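Work through the exercises below with the sequence and the structure open. Each task is followed by a solution in steps.

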Amino acid sequence: MTPKERAEKSAAAMWAEDHASKWAGMEITHVDEGEATLELTIAQHHCNGHGICHGGVTFMLADSAFAFACNSRNQSTVAQHNVISFTAPGRLGDTLIATAREISLTGRSGIYDVTVTNQDGQQIAEFRGFSRAVKGQLFDE
């Protein structure tokens, strides 16, 4: 199995049980070893009292992209610590694109950066996730 095939099979196994990301309206548009891209179109129910995308929704999108990237090797992996900086608001009707890429993987610990942009390429947020591999796999290999 190639690394891309493993990443795709891992993503399919996770997606089958990821009710939160599906509930929010996310879609996986790319996955490969150590990377993933998810998209979400901002609907009215994603907006806060200021009429912009709720920061928790943006964080959730980035966190989901991070999860698919750090689980791409069929090793069960969870978040250890995450941080996000919001740089611009997402607006009703925007499509947010979260692109996760692996920065470092040493032993059981990984570091991933996720850039969230809108459909015009404007940066909305920058997220850094720290992962920890745990026991188990997403599918039998």
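**Exercise 1. How many salt bridges does a search of the whole structure find? Take the pair Glu-102 and Arg-73, and state which parts of the chain the pair ties together.**

Step 1. The search of this predicted model returns 6 salt bridges.

Step 2. Between the side chains of Glu-102 and Arg-73, the N to O distance is 2.6 Å. The cut-off for a salt bridge is 4 Å, so a pair within it counts.

Step 3. Glu-102 belongs to strand β4 (residues 95–106), while Arg-73 sits in the loop between α3 (55–70) and β3 (77–86).

Step 4. For accessibility, Glu-102 has a relative accessible area of 25% and is partly exposed. Arg-73, with 28%, is partly exposed as well.

**Exercise 2. Which strands hold Arg-101 and Glu-126? Is Asp-113 buried or exposed?**

Step 1. Arg-101 and Glu-126 form a salt bridge through their side chains, at 3.9 Å from N to O.

Step 2. Arg-101 is in strand β4 and Glu-126 is in strand β6 (residues 123–133), so this pair ties together parts 25 residues apart in sequence.

Step 3. Arg-101 is partly exposed at 35% relative accessibility. Glu-126 is partly exposed too, with 26%.

Step 4. Asp-113 makes a salt bridge with Arg-128, and their closest N and O atoms are 2.6 Å apart. This pair links strand β5 (residues 109–117), which holds Asp-113, to strand β6, which holds Arg-128; the separation is 15 residues.

Step 5. Under 20% relative accessible area counts as buried. Asp-113 has 12% and is therefore buried, whereas Arg-128 has 32% and is partly exposed.

Step 6. Shared partners also join salt bridges into one network, made up of Glu-33, Arg-73 and Glu-102.

**Exercise 3. What is the strand order of the open sheet, and which strands stand at the edges?**

Step 1. The 6 strands are ordered β1-β2-β4-β5-β6-β3, and the pairing is antiparallel.

Step 2. β1 (27–32) and β3 each have a single partner strand, so they stand at the edges, and one side of each has no neighbour in the sheet.

Step 3. From one strand to the next, the twist averages 20 degrees.

**Exercise 4. How many bridges join β3 to β6, β2 to β4, and β4 to β5?**

Step 1. The antiparallel strands β3 and β6 are joined by 9 bridges. Within this pairing, His-81 has Phe-130 in β6 as its bridge partner.

Step 2. β2 and β4 also run antiparallel, with 7 bridges between them.

Step 3. The antiparallel pairing of β4 with β5 extends over 9 bridges. Opposite Arg-101 stands Asp-113 in β5.

Step 4. The hairpin of β4 and β5 has 2 residues between its strands, and Gly-107 takes a positive phi near 60 degrees there.

**Exercise 5. Which strands does α3 lie across, and at about what angle does α3 run to β2?**

Step 1. The strands that α3 lies across are β1, β2 (35–41), β3, β4, β5 and β6.

Step 2. Relative to β2, α3 runs at about 150 degrees.

How values were computed:
Residues numbered from 1 in each chain as written. Predicted model: local features only at pLDDT ≥ 70, side-chain atom pairs only at ≥ 80, totals over all residues. Heavy atoms only, no water. Helix = DSSP H or I, 4+ residues; strand = E, 2+ residues; numbered from the N terminus. Buried < 20%, exposed > 50% of the residue type's maximum accessible area, 1.4 Å probe, protein only. Pairing = 2+ DSSP bridges. Axes fitted to C-alpha atoms, helices over the stretch in contact; angles between N-to-C directions. Contact = heavy atoms within 4.5 Å.
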